[in-house]
Amino acid sequence: MSELYEPYDKLIPIEVLGRRFELPENNLLLRQLAFVAADIAWGRYCWNGECRYCEIHYCREDGPENELGAAQRRRATGGFRGGAHADRGEA
Ligand code: FES
């Protein structure tokens, strides 16, 4: 397990733009996504809530159909479905 990630016991299935991924539980979504796309970790993200580059549309299994949130503040759980970056207008 890398030091980049919070401790986790298993990978959880989520869907992003119609593709299914297995990501480490108990981690912030932006970090979870870096698990399958390493370039995210070195992208132009501020990681502290100022740039808003990480805002995405998403749905949770037990939540409203379309929420907007910052990927560096959310933790995806099973049943999570993410859409595109908020600026692109794709959900
Ligand atoms: S990474 Fe900058 S606001 Fe989320």
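Reply: What follows is a short exchange about a predicted model.

Me: What makes up the protein chain, and in which order do the elements run?

Reply: The protein chain has one helix and five strands. From the N terminus on, the order is β-β-α-β-β-β.

Me: Why is N48 called exposed?

Reply: Count the neighbours. N48 has 9 other C-beta atoms within 10 Å. A residue is exposed if that count is 12 or fewer. N48 is therefore exposed.

Me: Where does N48 lie, and what is the separation between its C-alpha atom and that of Q72?

Reply: N48 sits in the loop between helix 1 (29–36) and strand 3 (55–59). Its C-alpha atom and that of Q72 are separated by 7.5 Å. Along the chain, N48 and Q72 are 24 residues apart.

Me: What makes a group of residues a nonpolar core?

Reply: Its members must be buried, nonpolar and joined through C-beta atoms within 7 Å. The largest such core here has 14 residues. Among those touching the most other members are I14, L33 and A71. Strand 1 (11–16), helix 1 and strand 3 each give two or more residues to this core. Helix 1 gives the most, with four.

Me: Which residues does A71 touch, leaving out those up to four places away in sequence?

Reply: A71 touches L29, L30, L33, C54 and I56. Touching means that C-beta atoms lie within 7 Å.

Me: How much of the protein chain counts as buried?

Reply: Of its 91 residues, 22% do. The cut-off for that label is 20 or more other C-beta atoms within 10 Å.

Technical notes:
Residues numbered from 1 in each chain as written. Predicted model: local features only at pLDDT ≥ 70, side-chain atom pairs only at ≥ 80, totals over all residues. Contact = placed C-beta atoms within 7 Å.
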